[in-house]
Amino acid sequence: MTRSKDSSTSLRIAIQKSGRLTDKTVNLLHGIGIDFDNYKRNLMVKARDFDVELLLLRDDDIPEYVQDGICDLGFVGANERAEKDADVTVLRGLNYGKCRLSIAVPKDGNLNEAKDFDGKTIATSYPFLTQKYFKEQGVDVKVVEISGAVEITPQLGVADAISDLVSTGGTLKANGLKELFTILESETELVQTNMELSEGKKELIEKFLMRIDGYQQAGKSRYIMMNAPESAIETVKAIIPSMKSPTIVPLAETGMVAIHTVIPITKFWNVMEELKEAGASDIVMLPIESMIL
Ligand code: ATP
Ligand code: ZN
């Protein structure tokens with residue numbers, strides 16, 4: 001599957017065609033100015049304003065496509081990347097598609113710790129990671145690979161336990177199972193091929209990453225504006241955990257100023273209360289689309 005010589009400059013990016021990661025990945029791409037139509041109907045689509053083509057694949061296939069250099073970049077869960085043991089570089093963790101690969105057992109059974117699993121059968125769609133986990137524990141298990149509905153296999157008598165992706169745990173509960181231990185914590189990652197890339201592509205990837213970082217930073221920040229008496233400026237400055245010195249503009253009303261700045265979203269409510277006490281009023285918070293520091 002390897003592409004021999006990398007002469008094209010268009011970046012080829014793999015994303016999941018249809019599934020849990022699709023909307024969030026497409027939104028992220030839109031958020032960084034990469035637009036395309038008809039991604040639901042085609043396997044390959046070209047972006048409008050950026051030299052990118054998207055390849056729409058099953059998530060299981062993405063690690064290999066990127067490893068082999070068919071695609072330069074891919075958006076895929078750490079779970080799939082680790083299961084396929086793909087030789088790729090993880091560029092960014094993207095903070096969505098979060099889940100964990102866990103071992104779960106029937107609620108009222110007698111499997112409680114790793115050593116209880118000796119000789120037991122475990123059903124999973126993640127045979128590599130599951131086998132590796134028990135090997136590291138020095139426990140011999142039989143791993144049965146199943147592609148879907150893994151959680152009903154204990155009831156069917158096909159397996160003693162399962163190893164499956166969990167996010168809320170609701171599906172496990174509904175099937176009379178409880179989570180025992182976690183093999184892997186996962187989120188969506190942006191991965192890059194380790195195949196040699198042209199200079200043009202390397203430059204495009206730099207740009208792409210800068211946009212992603214700006215977008216992610218923006219998601220964690222808010223633009224705030226407030227009015228305050230001039231006399232309160234120093235107190236207000238001390239309260240704001242700003243990245244830079246705030247913008248201060250005089251208002252028509254004498255002795256009053258408008259103060260604008262960017263703050264981390266996590267600080268907003270604390271800061272807002274302190275600002276009010278310091279004499280600020282008309283405090284407005286706005287989302288930011290993107291920012292480049
Ligand atoms: P495909 O047809 O592309 O193979 P799929 O059915 O294997 O799709 P999805 O169920 O869409 O995959 O899940 C895609 C990814 O979403 C998973 O590989 C994982 O990274 C992530 N994910 C997040 N939460 C969960 C969850 N609770 N269960 C399964 N996957 C989850
Ligand atoms: Zn899949």
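**Figure 1. Salt bridges of the predicted model.** The structure holds 14 salt bridges, each defined as a side-chain nitrogen of Lys or Arg within 4 Å of a carboxyl oxygen of Asp or Glu. Side chains of opposite charge can pair when their charged atoms come close. The model is predicted, so local features need pLDDT of at least 70 and side-chain atom pairs count only at pLDDT 80 or more, while totals for chains, interfaces and linings use all residues; side-chain values use heavy atoms, with hydrogens and water left out. Residues are numbered from 1 along each chain as its sequence is written, and chains are lettered from A and ligands numbered from 1 in the order in which they are written.

**Figure 2. The Lys201–Asp72 pair.** A salt bridge joins the side chains of Lys201 and Asp72, with an N to O distance of 3.0 Å. Because Lys201 belongs to helix α6 and Asp72 to the loop between α2 (62-67) and β4, this pair ties together parts that are 129 residues apart in sequence. Helices (H or I, at least four residues) and strands (E, at least two) are DSSP runs, numbered from the N terminus. Lys201 is buried, at a relative accessible area of 0%, and Asp72 is buried at 1%. Here buried means under 20% relative accessible area, exposed over 50%, and partly exposed in between (1.4 Å probe, protein chains only).

**Figure 3. The Glu189–Arg81 pair.** The side chains of Glu189 and Arg81 form a salt bridge of 2.7 Å, N to O. Glu189 lies in strand β11 (residues 188-193) and Arg81 in helix α3 (residues 78-83), so parts that are 108 residues apart in sequence are tied together by the pair. Glu189 is buried, with a relative accessible area of 8%.

Figure 4. Asp116 and Lys115 meet through their side chains in a salt bridge of 3.9 Å, N to O. Asp116 is partly exposed, with a relative accessible area of 22%, whereas Lys115 is exposed at 57%. Elsewhere, Arg12, Lys46 and Glu53 are joined into one network by salt bridges that share partners.

**Figure 5. The largest nonpolar core.** A nonpolar core is a set of buried Ala, Val, Leu, Ile, Met, Phe, Trp, Tyr and Cys residues joined through side-chain atoms within 4.5 Å. The largest has 28 residues, of which Leu29, Ile34, Phe75, Leu190 and Phe208 touch the most other members. Two or more residues come from each of β1 (11-16), α1 (22-31), β3 (52-57), β4 (73-77) and α6 (199-219); α6 gives the most, with five residues. Not counting residues up to four places away in sequence, Leu190 touches several residues, including Leu73, Phe75, Val90, Phe208 and Ile212, where contact means heavy atoms within 4.5 Å. Another core, of 17 residues, lies apart from the largest one and has Leu111, Val141, Ala161 and Ile183 among its members.

**Figure 6. Thr261 in strand β14.** Thr261 is placed in strand β14 (residues 256-264). At 5% relative accessibility, this threonine counts as buried. The C-alpha atoms of Thr261 and Ile224 are separated by 5.5 Å, although the two are 37 residues apart along the chain.

**Figure 7. Ile152 and its loop.** Ile152 is found in the loop between β8 (142-145) and β9 (161-166). With 32% relative accessibility, Ile152 counts as partly exposed.
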